[in-house]
2 protein chains.
Amino acid sequence: MLTYSFENIGTQSLFTHLYECIRNDVISGNLAPGTRLPSKRMFAKNLGISTITVENAYAQLIAEGYLYSIPKKGYYVQDISSFAAGQGQEEALAPVPKAAPEPEAPKYFADFVTNQVRPENFPFSTWSHLMREALVSRREQLLANPPFEGVPELRAAIASHLHAFHGISVSPEQVVIGAGTEYLYGLLIQLLGRERKYAMEDPGYRKIAQVYDSFGVRYAPVSMDANGIRTEELRDRGIDVVHITPSHHFPTGITMPVSRRYELLEWARQSRDRYIIEDDYDSEFRLRGKPIPTLLSMDRKGKVIYMNTFTKTLASTIRIAYMVLPEHLLAAFREHLSFYSCSVSSFEQYTLAAFIESGGFERHINRMRSDYRKKRDALLSLIRESGLSRYATVSEQDAGLHFLLKFNTKLSDQTLADRAAARGIRLSPLRNYYYDSSRVPEGLEHTFVINYTSVDEAAAAKALPILAQIIRE
Amino acid sequence: MLTYSFENIGTQSLFTHLYECIRNDVISGNLAPGTRLPSKRMFAKNLGISTITVENAYAQLIAEGYLYSIPKKGYYVQDISSFAAGQGQEEALAPVPKAAPEPEAPKYFADFVTNQVRPENFPFSTWSHLMREALVSRREQLLANPPFEGVPELRAAIASHLHAFHGISVSPEQVVIGAGTEYLYGLLIQLLGRERKYAMEDPGYRKIAQVYDSFGVRYAPVSMDANGIRTEELRDRGIDVVHITPSHHFPTGITMPVSRRYELLEWARQSRDRYIIEDDYDSEFRLRGKPIPTLLSMDRKGKVIYMNTFTKTLASTIRIAYMVLPEHLLAAFREHLSFYSCSVSSFEQYTLAAFIESGGFERHINRMRSDYRKKRDALLSLIRESGLSRYATVSEQDAGLHFLLKFNTKLSDQTLADRAAARGIRLSPLRNYYYDSSRVPEGLEHTFVINYTSVDEAAAAKALPILAQIIRE
């Protein structure tokens, strides 16, 4: 009779040992296909273990397909040898493979490229308190699947916020929550379809083109003039859907004047297929005057899809963004995309809803705005004091979280950025935001986009004289 | 000189009132394009308000494009009238639009279709404690953008869990976190490309086909036999990428035997383009014996992409899933998709990492498994006691969170489901999980998929006699 030794099995259970012995014999062919195994009782007696252990091992091997049973006859070896040659044996022994290590991010002491919320600007204690409150008082709701458009409480809170802050009237049903604008953008491509031709501003957010590429849709970068994206070019290139940042163009800082807004709305109105995606990414941080009215608030025909995000106002690592769909798109949206689950945790949706409803969010952005204004002012003073202002001119400093800095230098943009990087300063030339870099106008050469929210004053005070020195050298 | 009344402006600020008066006159054409506005000082004096207020109103109107200034000359009205006809006026007055209300979900007292974690199964206090701990001790890390593959701590914790629980050795670099398997599935389509032909099991998860449809890729449902998806059919239909659930097929419950596994690996190995996506969605809940070894652990050639989710083990509303990529795909994945941000909140990633590392997750799934076993046993007893067992046969009850119930009835599946729904019981026939319903084999007619985790015992005790009655009628 088949037999295995149960000595020296260490910490392995009797069950696991027996299971592995039989399995290895099946894989290696020591137990030929069709071989009848001993009955459970006989085998147990012979091995000096309990019948239950044998029964469990047989059951597991049947479940995995190494054995089969014929009722009232017994247990037999499956024919797997033709596939298994030289394969299964090492399974449990395989060492942890070495993957190519992830490229390590270079270290900068002053990063003027990434805008990240600093720990002192995140409302940790309020957030922690509201999260705990949700965990205590909303147990049932937290675990029940919300509509895929998001938790109704959060969508209502966002609709109220849009009304209070931007004077936009939308119904909560139009608000769709998603894990970041890029995710929502992917949803929109799935909704509007692959047949349309998409466009984005050039210069602009690179991610938009990357999403288009990744979804394999046709698109074109469309050039800008002093008033924003050029409407004739949209027409000439047969664009259907265009992504724009009219309140505060990224990165040039242009605010689209009302005349161009009407032109664009008129363009959209001329065809059923046309839509404008208004990305209002940093309107909360306009540092002077009132917020600019949105394109959405001027839209009478349901041609504007409004998008905004909490990644700048709250934290880029809590992935919550939203869009406002025109009513006539809601039915198609539900029909085609409601099989998806909402991509944001309900736990964080309820927490954010409470944060907005309690007025905490408004106080928070007011605090951040004044903090960012101070940060910007300190940076502008430092630019003067460091002597950098002799070699550089600041522009577009009134809105949002970045401004432009034009250096008076003969160094190429890349050389300047490289020399700064070598000394721990991360800078990105405006040129890098052009899809077609031959379009960089003469007036914008040697211009850099300065995102200042993640650089603290001490780091800035250290960085600016270094930049002045690089230019002087 | 231009003049406006400042009486009866209610709670409106002087600034807002002046801004709106001028804007409305520009939109209506009362102020003709090119008109020169009064100087700030004169206008202020005339209106009896401060110069600063006029200056701010002019600045806002310039920012929005209603006015322009010529240095040393003054402020002029922009030409916007041709676009604005009949448009801008009502902006702030637009009432909240009425959207089509969202379809209301019908109410069931016993839902045997959706598996949702019940509040008594979610570790609220541990989760709350770990979240608070992260909020206190990881402030910098919580706000720093993680790699788009996810927070390294969580990926390392998952790699350890895979080793301890499934005996799979993978490096943390291979682990990619995303907001649900359907999101990860979309990423995979973007990675593997639109040229390949995709496939899924028929019957199977409907969402897979919906994702394919939504991304507009070619795909085919592939039929099953008693051992799982049919390899010859994959070959015949020219499939490149197939999604399967080998440990516990959804919904038939089939565990793919080792022979079919080798066959599939062999199929994948025969072409560079071929990949197998192994969806191991409920392997933690195998109620008898050890977990079934994964296909990934048998794969020597990097052809298996393993996927699993915390939506069943933790909560479907905390959107965390992961996949394990073969090493040779990592470089392409980073190159093409690292422009995306990770779709899961870092706050929840750190909390989950701590939950796994502390051993809390393992204790939690052990508790849930034993709870689900009890729930299943209670339900099986109730089926016997309610008399339903005279009209129905249970099968595939040993693994995962559902089993099959075959009714001995002449009622059509739809009639039975409708009658149950009318009495508050939600049931889904196996037939509904077939892409091609002509494929339903004779032996599986009148068979229903019973997901039992969200139905409590009292509801089940009420529901089963009703079902028996419906069959008897």
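How many salt bridges are there between chain A and chain B? The count is two, a salt bridge being a side-chain nitrogen of Lys or Arg within 4 Å of a carboxyl oxygen of Asp or Glu.

This is a predicted model, in which local features need pLDDT of at least 70 and side-chain atom pairs count only at pLDDT 80 or more, whereas totals for chains, interfaces and linings use all residues. Residues are numbered from 1 along each chain as its sequence is written, chains are lettered from A in the order in which they are written, and side-chain values use heavy atoms, without hydrogens and water.

**View 1. The open sheet of chain A.** Eight strands of chain A (DSSP runs of E, at least two residues) form an open, mixed sheet in the order β4-β11-β10-β9-β8-β5-β6-β7, where pairing requires at least two DSSP bridges between two strands. Because β4 (175-178) and β7 (228-229) of chain A stand at the edges with a single partner strand each, one side of each has no neighbour in the sheet.

**View 2. Strands β10 and β11 of chain A.** The antiparallel strands β10 (residues 304-309) and β11 (residues 321-324) of chain A are joined by four bridges, and T309(A) stands opposite A321(A) in β11(A).

**View 3. The interface of chain A and chain B.** In contact (heavy atoms within 4.5 Å) are 104 residues of chain A and 105 residues of chain B. The two chains bury about 8900 Å² between them, 56% of it on carbon and sulfur atoms, as accessible area (1.4 Å probe) lost on being put together, summed over both. The side chains of R118(A) and E140(B) meet in a salt bridge (3.8 Å, N to O).
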